[in-house]
Amino acid sequence: LPAPQVGTSVPPEVVRGKRAALFFAAVAIVLGLPLWWKTTETYRAPLPYSEISGLDALQLRLMVPVTVVFTRESVPLDDQEKLPFTVVHEREIPLKYKMKIKCRFQKAYRRALDHEEEALSLGSMQEAEAMLAEPQEQAEGSLTVYVIPEHSSLLPQDMMSYIGPQRTAVVRGITHREAFSIVGRRVIQVAQAMSLTEDVLAAALADHLPEDKWSSDKRRPLKSSLGYEITFSLLNPDPKSHDVHWDIEGAVRRYVQPFLSALSAAGNFSVDSQILYYAVLGVNPRFDPASSSYYLATHSLPHVINPVESRLGSSAASLYPVLNFLLYVPELAHSPLYIQDKDGAPVATNAFHSPRWGGIMVYNVDPKAYNASKLPVRVEVDMVQVMEVFLAQLRLLFGIAQPQLPLKCLFSGPKSEGLTTWELDRLLWARSVENLATATTTLTSLAQLLGKISNIVIKDDVASEVYRAVAAVQKAAEELASGHLASAFAASQEAVTSSERAFFDPSLLHLLYFPDDQKFAIYIPLFLPMAVPILLSLVKIFLETRKSWKKPEKID
Amino acid sequence: VCTSRFWFNYRHVANTLSVYRSVKRLGIPDSHIVLMLADDMACNPRNPKPATVFSHKNMELNVYGDDVEVDYRSYEVTVENFLRVLTGRIPPSTPRSKRLLSDDRSNILIYMTGHGGNGFLKFQDSEEITNIELADAFEQMWQKRRYNELLFIIDTCQGASMYERFYSPNIMALASSQVGEDSLSHQPDPAIGVHLMDRYTFYVLEFLEEINPASQTNMNDLFQVCPKSLCVSTPGHRTDLFQRDPKNVLITDFFGSVRKVEITTETLRLQPHLEIMESSYKKDWMDEELVEPLKYAEQLPVAQIIHQKPKLKDWHPPGGFILGLWALIIMVFFKTYGIKHMKFIF
């Protein structure tokens, strides 16, 4: 039997005390710490961070499906035997943007059908187009190019190609050994003018590229949005002299609505109008004795808009961007009023516009109206003249610029609505790319923000919006690569709305910035009084245990 | 943004309203201004001249006017709301006038005043915003391209500490005092009983009164405003994050609103629908004939009124109280010393 060790008659209270201290420590560490950690944790729903960082390296391939139709005798016979086949022309767009963009023209060559042969052998372009227009509506983004014989009289003799208003074009063929490659190059030139060129994409991505040139074309277009509100206002500063009437409802119905319905794929539009009396321009026009008229110089034009804007009521409208078109009828004392360009010559349209805001046109009353009648003179506004200018301004504000035509190309001009279908396609291409760029930037910066600040709560619906946005971006990229422009545009719109909704969710507010010294200041008064006795008793227990282990060595 | 409450912080409200007034005068419309005032001085029960907020001694300039549009008032001015306005994370029910609807082409001017310290600014006497939160908010604005260029002016004690932590590009910052210095107030007014303005903003306001919308003054002149001899504190500025050279930046780029315009040179060809137009003319004409011609009264020459400078107030004889007090003193004097002393006075 081992003898009891010296000094080991430990009283039971001390043993109980030791056990109690050990239990306290155990509960504090095993239960308390995890519980504290769990309850002070913020709820963060999981996000697809890896996929979001993968979006940065996304390669955008924009495919334009082109159908090239060869009539008889447009190319040599042995080349005709090789039809139908497909040629792909792919080119990378050289932009300094992190996403690589490749533009791919997929040309499907085929022989002309009978009715197409018949249509293209008619006398004039209009008849040919009327006959060709019968088959089904072409999908957005696709083009059809007809190749006619070299000496055909459908086009004027010196013109090599023709671009029509409906996604069709006509190109002259050639009887030459290298017929296909020469014709192929001409087709590419025409197709590029009708769909995608570098400046269209550069304008769309203007915000995301480093700014080396501030060209006005690039900074003008409206940003892509789900809808727009267009307001037409008539400003009459002098109702005592002019009793102005304008048939705005009719004009909107006849001229603006067709234009907007042609553009309807790009967003929802709503139109309203108002008449403002006693609304003056903020600038006093100067008198020009040479022409005995009043003029507004170019450098005073920027100051015109702001004093008027507060009266337009545009802030009460919807959350969509607002475009204002103002028609100003100058006062009798300042009539006639012309706008001068920087060379001092009066501008033909008597109108000017401001990017992302709208346009102003000055309508001078015909001086003959003053002769017989007493004031106020009844003025009927010629809506055709006015709408011609406003619709041209609307096109410019949307960024639908004149395309760069290849050499010797005849351009028929838009149809009665004022917009050709392939101009709409160009807009949709540009908008899709812009939307994808915006959505990607938003998602990347959101992921960065949430990763950096670890105490922002991420709710479930924010997470689901992010997932939806990522899926939409990927879908849009796929649809663009397969050439379905309409569904790609819709997917890109959805990507932008979801990513914006996730980014601007009101719950993502990081208000709680805790510098480290403040964190210590909060926790020390809570934990220190509790932790010090436990730690000290643990230390004491440990030292005593070590001492009691050492003792047997000393004895033995 | 004015962040202080209580009557003795009258000067902060006056500061903010002066800048508001200058900015409106130089052309920025109310729809583009978000004004946050933490307390209502004009209708405060302690204001001896209700519905006015003065910024000059002798009540020369009433900056409250009658077209002030305050977007966030009183207890709505909190750090949370301020950050929400900046970052755009606003609940969907917020009206348009309370939102910052800027895009990547907008130049934004932010003016803050109140009580501050090293690295923070006090809101409503109960919470603070730190310079790190502000820098993070600006970074989020930059990520979402909510501004093109940003000018940040702060008039508080130790104001320079608030802009130390900015790290987003295209920000220029001005402060009324360096770290460790206090910004002092300018002039007390005996009738109202409080200090009316802070020195820095007072001199900035004087500087801005000289500017008109077509002016070509640049930022370097704004940096020279309020030297140490006038302002006691040393104003500071920070331009390293800004890409353009400050001497090429016009004051009106931030304080005024000059839009880019282009002459329209193209028109669209439209075919008029002639027959329809004829019939609609006839219909309008017939309706109009039956109505009596309207008479228009003489209207006010609005343009002249807008551009008027505020006139100096005329001198008024002292108020009844002062007169009564003097009368009492004279009466007591003569009562005590007897009426025979009157001949020595007259």
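Over which ring does the charged end of B:Lys98 sit? I looked it up in this predicted model. The charged end sits over the ring of B:Tyr72, 5.0 Å from the ring centre. I count a charge as over a ring if NZ of Lys or CZ of Arg is within 6 Å of the ring centre and within 35 degrees of the ring normal.

I then checked B:Lys144. Its charged end sits over the ring of A:Phe503, 5.9 Å from the centre.

Next, ring pairs. I searched the whole structure and got 24 aromatic pairs over all chains. Rings of Phe, Tyr and Trp (its six-membered ring) pair if their centres lie within 6.5 Å; planes under 30 degrees apart are stacked, over 60 edge-to-face, the rest tilted.

I looked at B:Phe138 and B:Phe152. They pair edge-to-face, 5.9 Å centre to centre, with 75° between the planes. B:Phe138 is in helix H3 (residues 131–143) of chain B and B:Phe152 in strand S7 (residues 149–155) of chain B, so the pair ties together parts 14 residues apart in sequence. Helices (H or I, at least four residues) and strands (E, at least two) are DSSP runs, numbered from the N terminus.

I also paired B:Phe138 with B:Phe166. The centres are 4.9 Å apart and the planes at 65°, so this pair is edge-to-face. B:Phe166 lies in the loop between S7 and strand S8 (171–175) of chain B, 28 residues from B:Phe138.

I checked burial (under 20% relative accessible area; exposed is over 50%, partly exposed in between; 1.4 Å probe, protein chains only). B:Phe138 is buried at 0%, and B:Phe166 is buried at 4%.

Last entry: ring pairs link A:Trp36, A:Trp37, A:Tyr523 and A:Phe527 into a cluster.

Residues are numbered from 1 along each chain as its sequence is written, chains are lettered from A and ligands numbered from 1 in the order in which they are written, and side-chain values use heavy atoms, with hydrogens and water left out. Local features need pLDDT of at least 70, side-chain atom pairs count only at pLDDT 80 or more, and totals for chains, interfaces and linings use all residues.
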